[in-house]
Amino acid sequence: MAETVYDALVVGAGVSGCSIAREFSRLDGRFLVLEAEDDVCSGTSKANSAIVHAGFDAQTGTLMARLNVEGTSLFPELSRELEFGFRQIGSLVVCTNEADLPALQALLERGHANGVHDLRIVGREELVRMEPNISDAAVAALWAPTAGICDPFELTDALAENAAANGVEFRFDAPVTGARRRKRDGEPALWEVTTPKGTFLSHVVVNAAGVHADELHNMVSASRISITPRRGQYELLDTTAGDHVRHTVFMLPTKMGKGVLVTPTIHGNLLVGPTAEDIPDKSGTQTTPDGLAEVRRKSALTVRDIPFRETITSFSGLRAHQPGQEFIIGEVEDAPGFVDCAGIESPGLSASPAIGRMVARIVNGILGLSPNEGFVPTRRGIPNLRDIDPEDWQRLIQEDPAYGTIVCRCCRVSEAQIRDACRRVPGARSLDGVKHRTGACMGRCQAGFCTPRIMEIISEEVASIDLAHVTKSGPGSRMVVGPDKQGLATASDEKDDSRGGERNA
Amino acid sequence: MPSTATIQTLERDIVVVGGGSAGLAAAISARDAGCESVLVLEREPQLGGILNQCIHNGFGLHAFKEELTGPEYAARYISQARERQIEHMLRTTVLDIADDLTVTAVSAERGVFRIRAKAVVLAMGCRECPRGALDICGTRPAGVYTAGTAQRLVNIDGLMPGREVVILGSGDIGLIMARRLTLEGAHVACVAELMPYSGGLKRNIVQCLDDFGIPLLLSHTVVNVEGTKRVEAVTIAQVDEHLKPIPGTEVRYPCDTLLLSVGLLPENELSRQAGVRINPITRGAFVDDSLMTSVPGVFACGNVLHVHDLVDYVSEESAHAGASAARYVRQLAEGAGRGASDLVPVRVAGGIRYSVPAFVSPANMDEKITLRFRVGAVYQNRYVSLYVGDRRVQHRRKQILAPGEMQELTLRREELAGIAPADEIRLLLEEE
């Protein structure tokens, strides 16, 4: 039997990988996305500032600058096509010292050079009108009305769902353990990519593996790259604090990044962070006392009286930083058909629509595929009940009464939305999967009330998962360990029950 | 295709938001006070609220002079409501309460609908303080639960959240769950409490920890959580008098589960929408002696008003709110009603954190009312004193007062006789 040969295989289902996959699906070919985790958007894409940057930060002439500006310009249309949360609220870079005004001016000029429109510097008086809670030290700010905020989960889900609807395959829990070129007699060589879920053959491999992109690249190329996980810690405040600022408020950037920002989120919360710490551990998403203290201290430089008592959670994410601080996008010289999409740190989310296009262009330069005539560019989003008009909600309930059964009271998410999330392709199979697709569990009770009910719905919707095996985020993260009294009355077949059994013998 | 999406509007005299212990007692009492049109809205598929998952005993000692389990206690009120044929709607979530007392709700059965009410009783209860509010550092794996979520999983779903457990916070649910998890086959390594005293009832410390040999570490907190997918260990450290961890005192506990029992927060999001003034100390409404909030016709009772320790007192307080709501509706019909102008504030001082009610109407109050309050620290051999103006009308010695145990005293109308318009009522602790 002939082995399946993919035209292109993408490693990584973050926002870059899914954007690339969606662009691939415009072509008439066979495509596969391999993801190490249990769901899309499980690495760098899931824990970041969720900002769509205007594009004045990156050095003029870099790929970062070009793709940021192009990507950001694509967001309004893309958010309509794919129905994900995006709002152009504008951003302010706040200068808190007269001496730094030249730096603010330089940022404005760099923005102009990068092709960012409508930038201007606002003085203190106007700034205070725009942001009543701005720090007393603020003297001026760079106003960028094209900046926005988005829901990175929904964006990534939407890209993946649309790619899947147009024929792209996804495999999860499939970390790549090997990649090599297999020569064939009389035919072009193929890439052979090994995972615990099997070995896959493809003409082209795209490396969108986030913080692990260096490992994959270095498997196939003699010219090494290196990715450093740069941790960013955040505090997320309740929606009661969501209007403390109205725009994304940055401090003047430093060499470690854009500093600590204060921003409303698409869900109406207030987000404060991140730190920037280079760490050795690619799974090191811990929060630390020093990190969170730094977030509080630095945010106070630009915004006063942030009500941190309204904090509902803190979290951290890892940026895929590479020493050159530039996106590495292109075919690897000594590995024909292996295309890097590495070092995608900020403004990677903003650039993602443009990254998808660029990689697809490069790959189709190799493959020469014709267009997918059946491509459908639109995707229907999961309805959001938070700000819905009552009549529209009534219509939804008439179609499906489960829209009237609220499961997550804090974020107003109904049973119907949770079932919808599970039925999507690729769909939710874990609590985090439901959370990311519906916004459930993100509120002030932090899943205290809705967890058991969502576990039930997942077990009802996903045939392979029973209630006791529902996970938070894939293998190894079971929510419960088994039934009550296991190991008390009878010997159990689970090895970690032995202790309980002995104690009660 | 559905052609219309009309929103139905109902009319009721009293809408009770929440069908737990508070809502049920309020509805029954409103009916008994003569109000025929009472509607209870409950979001869960059954009445009884959180009592349904509280399968331990100890409920009803005051109300029934019996020791009942939570579901048994709830069943008494549910059957009383049934006998009186009190209308209720299940699986119904209230979305909004407007200040004109229009309640908007949603259910699968009725869709989005509105109820025009003459009075509303807030009985939504409380929620548990989640991890995020504590800024516990480390990873965010599976296996961190609030005690109440774990209680629901164990007692309703029959599922064990973990086998090796550390509990942070000595609130009553945490203490109860230490015992429950032990009985169900888990090992509870310890209960760590940030404060130098427990937030739970003395009887729970004895019956749930001491009897099972579970150590209670006072002045300790969790400073780190380990594990990428599932909890693998937590680190506990001692804290100083400013509640800051003391370096060098860290002890690592390998475990698969961290339970949090670090406080309960009244769920007043709807109250705020209605414009109800909230007391920052209780996080519940400011109410007068009829348990009416700052919005005329809106009453509050139970854990949404202030967090209680014993359900018996929730029922008692809520019965008062229900009767007051019924009287309010009756007076509305008669064109009468009490003015807000004669309200006298109850000021608290000297270690007392709050009083419910926060205002008393000397002219309109019942013959006697109950003032409920908590202290802010542990006190021994103090007097609870009540002053009306300069006059000390009550002076009671208490051997021990602890933040975890709600206190109460009875205020009689006659004690307010002769109160001057400028006078305050003051509630405080005195050494003699």
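Mentor: Gladly, and please keep in mind throughout that this is a predicted model.

Trainee: How many residues of domain 3 of chain B are in contact with domain 1 of chain B?

Mentor: Chain B is divided into three parts, with domain 1 covering 9-128 + 263-337, domain 2 covering 130-262 and domain 3 covering 342-432. The centres of domain 1 and domain 3 of chain B, taken over C-alpha atoms, are separated by 25 Å. Counting residues in contact across this boundary gives 19 on the side of domain 1 of chain B, and on the side of domain 3 of chain B the number is 20.

Trainee: Which residue forms a salt bridge with B:Glu316?

Mentor: Between domain 1 and domain 3 of chain B the count is four salt bridges, and the side of domain 1 that touches domain 3 is made up of seven nonpolar, five polar and seven charged residues. For a salt bridge, a side-chain nitrogen of Lys or Arg must lie within 4 Å of a carboxyl oxygen of Asp or Glu. With closest N and O atoms 2.9 Å apart, the partner of B:Glu316 is B:Arg372.

Trainee: What area is buried between chain A and chain B?

Mentor: The size of an interface is often given as the accessible area lost when the parts come together. Here 61 residues of chain A are in contact with 55 residues of chain B. Carbon and sulfur atoms give 52% of the area buried between the two chains, and that area is about 4800 Å².

Trainee: Which element gives the largest share of the side of chain A that touches chain B?

Mentor: Chain A and chain B have 21 residue pairs in polar contact, both residues being at pLDDT 80 or more. The elements giving two or more residues to the side of chain A that touches chain B include α7 (289-302), β18 (311-321), α9 (390-399) and α12 (451-461) of chain A. The largest share, seven residues, comes from α9(A).

Trainee: What is the bridge partner of A:Pro483 in β11(B)?

Mentor: Strand β23(A), residues 482-483, is another of the elements that give two or more residues to the side of chain A that touches chain B. Two bridges join β23(A) to strand β11 of chain B, residues 159-160, and the two strands run antiparallel. Within β11(B), the bridge partner of A:Pro483 is B:Leu159.

How values were computed
Residues numbered from 1 in each chain as written. Chains lettered and ligands numbered in written order. Predicted model: local features only at pLDDT ≥ 70, side-chain atom pairs only at ≥ 80, totals over all residues. Heavy atoms only, no water. Domains from an automatic or database assignment. Contact = heavy atoms within 4.5 Å. Nonpolar A, V, L, I, M, F, W, Y, C, P; charged D, E, K, R; others polar. Buried area = accessible area lost by both parts, 1.4 Å probe. Polar contact = N/O pair within 3.5 Å; in protein donor to acceptor, adjacent residues only side chain to side chain. Helix = DSSP H or I, 4+ residues; strand = E, 2+ residues; numbered from the N terminus. Pairing = 2+ DSSP bridges.
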